[in-house]
Amino acid sequence: QVQLVESGGGLAQPGGSLRLSCAASGFTFSSSDMSWARQAPGKGLEWVSGIYSDGSDTYYSDSVKGRFTISRDNAKNTVYLQMNSLKPEDTALYYCAKGWGLPTPYEADYWGQGTQVTVSS
């Protein structure tokens with residue numbers, strides 16, 4: 001069965017950094033495009049970033065572009081989201097997904113359980 005397990009969330013100060021990881025199993029990870037989305041309490045699911053199966057190109061929402069970096073290690077079946085220059089508005093539950101999650105995040109094939117990121121002073 002497909003499984004996606006996010007980790008690395010926690011509390012960071014504004015301007016700080018966190019790196020999220022998503023460990024994948026149950027499918028051919030190296031053949032799968034991957035993405036990240038987030039959901040703040042009481043708000044809708046927001047697409048964040050996506051990466052081609054071979055890591056050849058990456059895409060970001062305007063709200064995180066220049067601050068976040070998506071990457072993957074196909075030998076480890078893991079996709080990452082490096083988050084720098086964090087802002088309070090980045091506070092959300094972050095999910096990784098198999099697939100692009102476009103045109104809406106709900107289009108992704110599978111989702112993990114999420115990892116909480118809180119940015120506060």
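**View 1. An open sheet of four strands has the order β1-β3-β8-β7, and its pairing is antiparallel.** Strands here (E, at least two residues) are DSSP runs numbered from the N terminus, and two strands count as paired if DSSP finds at least two bridges between them. The model shown is a predicted one, in which local features need pLDDT of at least 70 and side-chain atom pairs count only at pLDDT 80 or more, while totals for chains, interfaces and linings use all residues. Residues are numbered from 1 along each chain as its sequence is written, and side-chain values use heavy atoms, with hydrogens and water left out. Strands of a sheet pair through backbone hydrogen bonds, either parallel or antiparallel.

**View 2. Strands β3 and β8 run antiparallel and are joined by six bridges.** Ala23 stands opposite Thr78, a residue of β8.

**View 3. A disulfide links Cys22 and Cys96, with their sulfur atoms 1.8 Å apart.** The term stands for a pair of cysteine sulfur atoms within 2.5 Å, and the structure holds one such link. Because Cys22 lies in strand β3 and Cys96 in strand β9, the pair ties together parts that are 74 residues apart in sequence. Cys22 is buried, with a relative accessible area of 0%, and Cys96 is likewise buried, with a relative accessible area of 0%; buried means under 20% relative accessible area, exposed over 50%, and partly exposed in between, with a 1.4 Å probe and protein chains only.

**View 4. The largest nonpolar core has 26 residues, and those with the most contacts inside it are Trp36, Phe68, Val79, Leu81, Met83 and Tyr94.** At least two residues of this core come from each of β3 (18–25), β4 (34–39), β5 (45–51), β7 (68–73), β8 (78–83), β9 (92–98) and β11 (115–119). Strand β3 gives the largest share of the core, four residues. A nonpolar core is a set of buried Ala, Val, Leu, Ile, Met, Phe, Trp, Tyr and Cys residues joined through side-chain atoms within 4.5 Å.

**View 5. Around Tyr94, the residues touched include Leu20, Trp36, Phe68, Leu81, Met83 and Val117.** Residues up to four places away in sequence are not counted here, and a contact means heavy atoms within 4.5 Å. Among the other residues that Tyr94 touches are Glu6, Arg38 and Thr115.
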